[in-house]
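Q: I have not worked with this structure before. Could we go through it together, one topic at a time?
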There are 2 protein chains.
Amino acid sequence: MNTETILKGACIIGQSGGPTSVINASAYGAIRAGLDSPAITRVYGAAHGIRGVLDDQLYDMNQEDPAELAYLRNTPSSELGSCRYKMKDPAVDDTDYKRILEIFRKYDVRYFFYIGGNDSMDTCNKISKYCQSVGYDCRVMGIPKTIDNDLFGTDHCPGYGSAARYIATSCMEVYKDSVVYDNAQVTVVEIMGRDAGWLTAASALATHFGAGPDLIYLPEVDFDAERFYADVERILSEKKKVLIAVSEGIHYADGALVSEAQVSATDGFGHAQLGGLAARLAEQLKQHTGAKVRGIELSLLQRCGAHLASAADLDEAEMAGRVAVESAVEGKTDCMVAFRCERSGGYRCETVLLPLSQVANYVRKVPLEWINADGNGLTQELVDYVLPLIQGVPDRPTESSLPRYAKLKKILAK
Amino acid sequence: MNTETILKGACIIGQSGGPTSVINASAYGAIRAGLDSPAITRVYGAAHGIRGVLDDQLYDMNQEDPAELAYLRNTPSSELGSCRYKMKDPAVDDTDYKRILEIFRKYDVRYFFYIGGNDSMDTCNKISKYCQSVGYDCRVMGIPKTIDNDLFGTDHCPGYGSAARYIATSCMEVYKDSVVYDNAQVTVVEIMGRDAGWLTAASALATHFGAGPDLIYLPEVDFDAERFYADVERILSEKKKVLIAVSEGIHYADGALVSEAQVSATDGFGHAQLGGLAARLAEQLKQHTGAKVRGIELSLLQRCGAHLASAADLDEAEMAGRVAVESAVEGKTDCMVAFRCERSGGYRCETVLLPLSQVANYVRKVPLEWINADGNGLTQELVDYVLPLIQGVPDRPTESSLPRYAKLKKILAK
């Protein structure tokens with residue numbers, strides 16, 4: 001899959017899936033490396049991911065002011081726009097692939113970089129294989145991104161460390177807030193993560209530093225309501241305050257999501273209720289324990305809270321983008337940039353390339369041995385794993401003590 | 001009410017009402033000034049506000065390590081504990097007052113400092129007047145605190161600037177996150193403030209810097225659902241994305257809270273639904289517009305998000321605590337420390353003392369002339385008022401890139 005020739009041509013960089021605090025740092029790393037490479041003749045940003053390719057909506061990044069572009073590194077969310085577009089199997093319907101090829105030919109695109117999670121690596125893989133099958137020489141590289149941290153084959157994913165720092169910090173603050181009154185109080189914090197509990201597990205860092213959840217529930221373990229009530233009542237009787245972190249994806253043994261189960265908490269008619277899992281569990285605990293309750297959903301804040309990005313995450317995200325471009329220019333293709341890390345004797349992180357077909361569509365979960373025997377907390381191994389990823393307070397640009405984001409011109413090509 | 005004599009004796013410092021990011025900075029300012037004053041023989045912290053006095057639960061602050069105590073400045077929430085205890089009119093029932101006097105005598109308390117909002121200033125006022133009425137020489141000072149910013153007679157309240165910086169920053173991040181997809185999307189952010197809209201108004205700072213709410217609704221203006229839908233639909237048709245900030249206290253013309261009104265959104269039976277105002281409005285807008293919707297409640301995060309405290313707020317909060325003690329030692333009593341600020345030609349803030357009877361139980365609202373004619377946004381005057389209060393990024397102590405909070409010994413007196 002590697003070629004040794006120097007391939008000259010334009011590149012497209014796209015962003016896909018849910019935004020994060022550092023996906024733009026990866027975009028910046030790739031755009032900057034593309035602009036700096038003699039092999040790459042033009043750098044295009046796809047508007048709304050692969051949709052921008054299909055719709056011929058490409059931003060000409062060569063026309064951006066370099067100083068303004070540098071602000072991208074500290075701008076949260078997906079500045080080029082994102083999409084959730086599932087590519088069909090080309091054997092079934094190759095319409096989109098023909099269109100992509102048409103656009104690639106129109107702009108002489110020889111490099112395609114796609115920043116995203118599992119679905120995006122699948123898109124990347126399909127485009128790469130299609131280009132190979134029709135003999136169109138285009139180097140395709142995936143750049144990992146997901147706060148969910150569930151991509152296969154990499155130590156961790158860019159975006160996770162910053163979200164973890166946000167979650168740990170917020171849990172510490174909520175903990176301090178939740179213990180001030182002298183009455184019994186239960187606080188439930190709902191954290192993202194449908195299939196994997198990495199984000200919720202990060203709340204264990206707050207507990208590690210003495211101001212975090214007493215109970216943590218991940219989707220890796222079946223949720224048992226009776227044990228849950230018993231856990232809460234035990235801690236309530238011990239210290240009158242209980243802080244609970246739950247993943248949005250927790251489910252009963254039969255697979256039913258706790259957030260979607262029918263409950264008769266309020267109206268007695270069993271109607272499904274509005275409001276998230278945190279509000280629902282809080283209401284159930286209020287009826288069970290009589291304590292004052294509060295449900296808090298970290299919602300979008302945890303994935304776009306760039307003001308709490310970790311320097312480690314920012315640097316690694318930018319590195320992943322840069323390495324993708326540099327590796328492709330050197331002849332690599334059909335791969336995703338992944339991280340291999342060393343934690344003993346100080347944290348070190350280096351990049352490796354994994355074949356796209358290996359990573360696409362697999363979900364990496366929290367190892368069960370990192371979850372305690374009661375299924376309501378994490379072990380020291382988890383803390384040791386996450387802690388290096390949240391390190392470093394970056395020096396972020398501000399304007400009047402508020403974040404200063406990139407203001408791109410976004411001039412469409414042609 | 002001023003006396004010229006040097007009054008020697010112990011002091012009690014208490015915290016009351018909802019915690020904030022900087023109420024401990026005020027406590028630190030007062031405790032430190034108390035420890036440093038030759039007139040003050042002992043510094044006690046009341047556990048859970050006035051309840052700690054009634055229950056004889058006083059922490060001996062002289063036994064705390066000074067270096068550890070300094071961490072209080074950057075520790076969110078009420079470290080001494082808080083309460084929501086309404087004092088009776090002593091003319092009706094003076095039981096509590098007699099008990100407070102008993103404790104004051106037991107510890108030779110000659111100085112009482114109470115940090116809190118409207119209700120706390122009422123408590124402070126009643127205790128002060130009672131001590132005067134029985135001829136017990138005790139100097140009583142209120143130290144303002146409330147993220148709601150609704151205390152009478154002061155330019156602003158310690159706690160508000162930091163909450164405003166948290167709200168503006170979070171709204172900027174949510175804005176960036178809410179515009180990435182190419183579909184119609186409405187996002188509703190619910191912000192604290194039952195009676196006054198100061199907190200919600202702070203979201204206008206995000207708009208001022210180009211990444212904030214399109215529509216802002218405060219409790220100062222009656223909420224009109226039809227105009228609200230029309231506002232949202234107009235902006236949706238213009239740009240496909242609408243970010244809305246609402247105060248939890250918005251109400252219809254008849255005074256009914258929007259958050260409590262019966263709606264038939266989901267089940268058709270008109271049952272009151274769980275979940276906050278944001279979830280409720282989002283659901284209603286989904287049905288009205290067909291757009292993708294999301295409701296986000298900033299919840300406790302906005303009042304305990306000390307990692308986004310403003311240096312101006314922190315410094316002023318500490319100053320308020322220090323000035324209260326220093327003024328009392330100089331002979332002042334029966335007052336609250338307030339701020340008088342100058343904004344033209346650079347921001348300056350100085351303290352003044354207001355009689356407690358003037359400030360207790362009044363609520364200061366956002367001036368109607370700072371709200372736009374359509375009742376869905378703020379004017380430049382509001383921005384000019386708030387902006388100085390969020391200035392400065394403080395250098396906060398961290399441990400492994402997470403906040404380092406004070407670890408007090410909290411040794412009970414006697």
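Q: To begin, what kind of link do the side chains of Asp177(A) and Arg303(B) form?
A: This is a predicted model, and in it the two side chains of Asp177(A) and Arg303(B) meet in a salt bridge, at 2.7 Å from N to O.

Q: How many salt bridges are there between chain B and chain A?
A: The count between chain B and chain A is four. Over all chains, the structure holds 48 salt bridges.

Q: And how many residue pairs are in polar contact across that interface?
A: Between chain B and chain A there are 30 such residue pairs, with both residues at pLDDT 80 or more.

Q: Which element of chain B gives the most to the side that touches chain A?
A: Helix α6(B) does, with ten residues. By class, this side of chain B has 29 nonpolar, 22 polar and 14 charged residues.

Q: What area is buried between the two chains, and how many residues take part?
A: About 5400 Å² is buried between chain B and chain A, and carbon and sulfur atoms give 62% of that area. The contact takes 65 residues from chain B and 66 residues from chain A.

Q: Changing topic: what is the strand order in the open sheet of chain B?
A: The sheet has seven strands in the order β3-β2-β1-β4-β5-β10-β11, and the pairing is mixed.

Q: Why is one side of β3 and of β11 left without a neighbour in the sheet?
A: β3 (58-60) and β11 (348-355) of chain B stand at the edges and each has a single partner strand, so one side of each has no neighbour in the sheet. From one strand to the next, the twist averages 30°.

Q: How does β2 join β3?
A: Strand β2 (residues 40-46) of chain B runs antiparallel to β3(B), and three bridges join them. Ala46(B) stands opposite Leu58(B), which is in β3(B).

Q: Which helix packs on the sheet and touches β1 and β2?
A: Helix α1 (residues 23-36) of chain B does, and β4 (109-116) and β5 (139-144) are also touched. The direction of α1 makes about 175° with that of β1(B). Helix α5 (residues 118-133) of chain B lies across β4, β5 and β10 (335-342), running at about 160° to β4(B).

Q: One last point: what do the side chains of Arg73(B) and Glu318(B) form?
A: Arg73(B) and Glu318(B) meet in a salt bridge, at 2.5 Å from N to O. The pair links distant parts of the chain, 245 residues apart. Arg73(B) is in the loop between α3 (66-70) and α4 (95-106), whereas Glu318(B) is in helix α12 (residues 311-329) of chain B.

Notes: Residues are numbered from 1 along each chain as its sequence is written. Chains are lettered from A and ligands numbered from 1 in the order in which they are written. This is a predicted model: local features need pLDDT of at least 70, side-chain atom pairs count only at pLDDT 80 or more; totals for chains, interfaces and linings use all residues. Side-chain values use heavy atoms; hydrogens and water are left out. Contact means heavy atoms within 4.5 Å. Buried area is the accessible area (1.4 Å probe) that two parts lose on being put together, summed over both. A polar contact is a pair of N or O atoms within 3.5 Å; within protein, one must be able to donate a hydrogen and the other to accept it, and residues adjacent in sequence count only if both atoms are side-chain atoms. Helices (H or I, at least four residues) and strands (E, at least two) are DSSP runs, numbered from the N terminus. Ala, Val, Leu, Ile, Met, Phe, Trp, Tyr, Cys and Pro count as nonpolar, Asp, Glu, Lys and Arg as charged, and the others, Gly among them, as polar. Two strands pair if DSSP finds at least two bridges between them. Axes are lines fitted to C-alpha atoms, for helices over the stretch in contact, and angles run from 0 to 180 degrees between N-to-C directions.
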